[in-house]
Amino acid sequence: MAREVIYLHDVEPRPPYMHTWERFKHKEAHWLVEMFAEMVGVFLYVYAGLGPTAALIVGNLTAESGIGSLFTIGFAYAIGIVLAIALCAATSGGHFSPGVTITLSLFRGFPKAKAVRYIIAQILGSYLTCLIVYVQWKDLLLAGEDVLKAKGLYDTLMFTNTGPAGVFALYVSPGTNLHRVLLNEFMTDFMLGLAICGVMDPTNYFIPPMVAPWIIGLTYSAAIWGYAPTAIALNTARDVGGRLMALTIWGKQASGGPYAAIAALTNIPATVLAFAVYDLFLGSGTRTLSPYHIDFLRAQPSENLPLFGGVEKHIGDAEVSEGRPTDGSHA
């Protein structure tokens, strides 16, 4: 028996201009709305994490104890990721990372032209977020720079993970072994990629869709708590956007040297490998979909869920399509 389909406009009257906007949004400007959602998602998670990062670095430089810690940074990023997925994933699919977008393009048929737009939006979102946070923290960041200059440590520490520029761009401490940094980055990215695969698997009875944002967010936190002291980036958008912002403010000296390539690129092959390992060894096409995922898939537009492409027809075309507007106004 087909389940009745109820849309928001059936229970909450919408003004005429909203009907006009939604028709335009879903027919003509859907690509722009999706890019905007990716930008906002990156803003939410980067904005949440940058504040505690600034508090820790500035607090250490100015000897203000107790205003930041690695724990607050990790937990803040988790909250930001939960907000990003909860608020924006229904519109764009919730990639928020070039590594995820590229991997979905390779493994799940995500359109390549759309992938390019998403990556641009993600990096731009990170860049703008870093600029906003810089303006908010500018006075305290300049105070931190003054401390380094007074101690004669500006050239030594300014562009490291303990200097003011390290709030936005990612750096390593002087003398750090980059081979171990590369291993550190690859393994944490691989762990995060496996977590993303696991929560998006519609046959995973242990993780209903409403728990997925927390699993991803806390996995991100675990990577920060355990491995950030060595140096991790985890997301190309976060790294490249932050580094471009640092170059805008401080010039070429903020480039990051050889580590910049590790931070920007390592998560992409690591995420690709994580998806391959999950598909080959941990996932299975012979498993049945969980009831939670069936309800979730019925409610979502399939074009934003490349991981689940083609599932709709198998869970009942009649139930999915019955009552669906033909003017493209559905969200």
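Reader: Is Cys130 buried or exposed in this structure?

Author: In this predicted model, Cys130 has a relative accessibility of 0%, and therefore counts as buried. Cys88 is buried as well, with a relative accessible area of 5%.

Reader: How many disulfides does a search of the whole structure find?

Author: A disulfide calls for a pair of cysteine sulfur atoms within 2.5 Å, and the search of the whole structure finds zero of them.

Reader: Turning to the loops, where is Ser65 found, and is Ser65 buried or exposed?

Author: Ser65 sits in the loop that joins α3 (30–61) to α4 (70–92), and because its relative accessibility is 68%, Ser65 counts as exposed. Ala55, ten residues from Ser65 in sequence, is 9.8 Å from Ser65 in space, taken C-alpha to C-alpha.

Reader: How should I read α8, and what lies at its start?

Author: An α-helix has 3.6 residues a turn, so residues three or four places apart point the same way. In the present case, α8 has 23 residues and spans 33 Å from its first C-alpha to its last, close to the 33 Å expected at 1.5 Å a residue. At the start of α8, a side-chain oxygen of Asn177 comes within 2.9 Å of the backbone nitrogen of His179.

Reader: Which residues does Asn204 touch, and where is its place?

Author: Asn204 belongs to the loop between α8 (178–200) and α9 (212–227), and because its relative accessibility is 14%, Asn204 counts as buried. Leaving aside residues up to four places away in sequence, Asn204 touches Gly198, Tyr278 and His293, while a polar atom of the Asn204 side chain lies 3.0 Å from the backbone nitrogen of Phe206.

Notes:
Residues numbered from 1 in each chain as written. Predicted model: local features only at pLDDT ≥ 70, side-chain atom pairs only at ≥ 80, totals over all residues. Heavy atoms only, no water. Helix = DSSP H or I, 4+ residues; strand = E, 2+ residues; numbered from the N terminus. Buried < 20%, exposed > 50% of the residue type's maximum accessible area, 1.4 Å probe, protein only. Polar contact = N/O pair within 3.5 Å; in protein donor to acceptor, adjacent residues only side chain to side chain. Contact = heavy atoms within 4.5 Å. Expected span 1.5 Å × (residues − 1).
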